[in-house]
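Sequence and structure come first.

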Amino acid sequence: MQLDVRLPIGLLFAVLGLLLTGYGLLGDPAVYQVSLGINVNLWTGVGMLAFGAFMLGGAWLRTR
Amino acid sequence: MHLHGIDYAILALYFVFVLGIGAALKRFMKTSLDFFESGRSLAAWITGLAFISANLGAQEVIGMAASGAKYGIMTSHFYWLGAIPAMIFVGVFMMPFYYGSRAHSVPEYLRLRFDEKTRALNAVSFAVMTLFSSGISMYVMGRLFQLLLGWDINVSIVVSAVVVLVYILLGGLTSSIYNEVLQFFLIVFGFLPLAFVGLLNAGGWDGLQTRLSTVATDAGYAAGAWTQSWQHLGSPAANPMGVEWFGMAMGLGFVLSFGYWCTDFLVIQRAMAAKSMNAARRTPLLAAIPKMIFPFLVILPGMIAIAILPKSAFVFNGATDYNMAMPLMLQKFYPPGLLGLGLTALVASFMSGMAGNVTAFNTVWTYDIYKPYLRSHGTDAHYMWMGRMATVFGTLASVATAYVAMRFGNIMDLLQLVFSFINAPLFATFLLGMFWARATANGAFWGLLSGTGAAAVHYAMTGVGAAAMSKLHAYPSDMAQNFWGAIWAWSACFVVTIVISLVTAPRRSEDLKGLVYSLTPRIREDEQAWYRRPAVLAVVVGVAAIVLNIYFW
């Protein structure tokens, strides 16, 4: 028996995803001048959040 | 480069999770099998991601971007030619012997197949080499952050060493593997937006090609030299690497690549932690999939950097330093937030590279040096204690190496050269050992020494460029000399092993069962679903690599 690796990875990505999404939504939009006007924090944050949820879902399914 | 609060928050969260994984794994570390081999219990996708991540140190992220800027798409040969074929070979043909023999490590396989002295030679050189590379990695990290962020180099080295030490002491190999998997995803999410935004800025692949053709013609090459991987390999003068196709294919594609991916315990250890023979064989094959895609994450940003940034951007303290390609790109395109994620991915790849070396070291030290030569009848708990001591010692030695590298750069270059001599012939020994039952222990031992000798002699007798007038042969570039040296070393080892084997007494074939291809029953994978069969995966991965080579021909 081992710790399911998807648990810590899912958790970290969910937390980081939330952080980046929140920053992308609430932060100053002027900072995205460097990234060609694209809100990269929002997009990456949403991607990480989805990936984190996917990992956590996998871990949860196995324990059921 | 200036960091904001959110960037520090991301980095801090990463550290919390890394240490948390170690703490959560502590209660699963009951026997030495758990500590050194993860209880041989991990799923193939986990060991597969660890297999490439252990190799994906930050030197690779930084170095491959640098090569992308310096040589263009030809850098992809380190992946599509210099990694994928070897990864297929180790998974399909060699893993059955590593995983199936009762060996704990690659040197131990050499003892079972050949003898004690061949194992000792391999174990000692490997142990020294791992400490050395983890020390170098620490130094490179410290220097990079000093240059980029003004962080104190001592703080970088000590903090990373302590974190790595703590999580390996707590969770052993499993800790290291889990953090490698975590790092893999951080690299993907941290660098994918960079490739995307960078490519958008350069006007897509077409726009990038146009810009790079100017770079190529300015440097005196044909317009496609930066964007076509094979077209300009006809003569060394036609491409920035200064290599021709034969040296590239044989030196990098065969000798160096197979020597690394098929015999280096750092990566093989990950596969040996898999839960079954089938999972162990699939480890390098699954790893080959992301490995094929990495060039878009690490080489492409380097190519974009040289295409859109002025040459002067790469000049630091009066010298051109392409290693700054990746950091320059992060600085140019990343806002606060993503900048923290990108840096965290870099920190993660530095630390997991270090941890990979330390876990390979503690296993080889304990199983291949301490147990056979120093104390052979200890209890299991004793060896586990020794593994932890070796972890402490290994980390301290790495830190010491980092400081030596800082003070005496040229000693490090010399050592790196000596290690390349030792590594070059290795694959000949394994190839003959696994596929030729007649190969004997003395043949292997003297073959290895001859190969290393041949590499050293080759290096002494040849040179690079105009400075090599007095030498026997002048190569157009360092890379050509390196590739050809490997070819000579491999050939010397191959021939000498065969000749000496033929004049020494063979071992009884009963003793070689499970160690040599012709004397081992074939593994039947028919009962597995098709997507779990190594042969099927090998074909899929192989075809994909060929398509990539042709597309960027």
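## A buried arginine

Arg270(B) is buried, as 32 other C-beta atoms lie within 10 Å. A residue is called buried if 20 or more other C-beta atoms lie within 10 Å of its own, exposed if 12 or fewer, and partly exposed in between, with C-beta atoms placed from the backbone. The residue belongs to helix α12 (residues 265-272) of chain B. Helices (H or I, at least four residues) and strands (E, at least two) are DSSP runs, numbered from the N terminus.

Neighbours within four places in sequence left aside, Arg270(B) has contacts with Thr47(B), Ala50(B), Phe51(B), Ala54(B), Ile177(B) and Thr283(B). Contact here requires C-beta atoms, placed from the backbone, within 7 Å. Between Arg270(B) and Tyr403(B) the C-alpha to C-alpha distance is 29 Å, and the separation in sequence is 133 residues.

## Basis of the model

The model is predicted: local features need pLDDT of at least 70 and side-chain atom pairs count only at pLDDT 80 or more, while totals for chains, interfaces and linings use all residues. Residues are numbered from 1 along each chain as its sequence is written, and chains are lettered from A and ligands numbered from 1 in the order in which they are written.

## Positive phi in one loop

Most residues other than glycine have a negative phi. Ser38(B), not a glycine, has a positive phi of about 55 degrees. Its place is the loop between α2 (32-37) and α3 (44-55) of chain B. Arg40(B) lies in the loop between α2 and α3 of chain B, and has a positive phi of about 45 degrees although it is not a glycine.

Ser38(B) counts as buried because 31 other C-beta atoms lie within 10 Å. Arg40(B) has 15 C-beta neighbours inside 10 Å and is therefore partly exposed.

## A helix pair in chain B

Helix α6 (residues 84-100) and helix α21 (residues 534-551) of chain B have axes that come within 10 Å and cross at roughly 175 degrees. This makes α6(B) roughly antiparallel to α21(B). Axes are lines fitted to C-alpha atoms, for helices over the stretch in contact, and angles run from 0 to 180 degrees between N-to-C directions; angles over 145 degrees count as roughly antiparallel, under 35 as roughly parallel, 65 to 115 as roughly perpendicular and the rest as oblique.

On α6(B) the contact is made by Ile84(B), Ile88(B), Gly91(B) and Val92(B); on α21(B), by Pro534(B), Ala535(B), Ala538(B), Val541(B), Gly542(B) and Ala545(B). Ala, Val, Leu, Ile, Met, Phe, Trp, Tyr, Cys and Pro count as nonpolar, Asp, Glu, Lys and Arg as charged, and the others, Gly among them, as polar.

## The chains

Chain B has 21 helices and 4 strands. Its radius of gyration is 23 Å, close to the 24 Å of the globule rule for 553 residues, so chain B is as compact as a globular protein of that length. The radius is taken over C-alpha atoms, and the rule is 2.2 Å times the number of residues to the power 0.38. Of the 553 residues, 57% are buried.

Chain A has 2 helices and 0 strands. Its radius of gyration is 15 Å, whereas a compact globule of 64 residues would have one near 11 Å. Buried residues make up 36% of the 64 in chain A.

## Contact between chains

Chain B contributes 30 residues and chain A 23 residues to the contact. On the side of chain B that touches chain A, α9(B) gives the most, with 10 residues. That side divides into 24 nonpolar, 5 polar and 1 charged residues.

Note on methods:
Contact = placed C-beta atoms within 7 Å.
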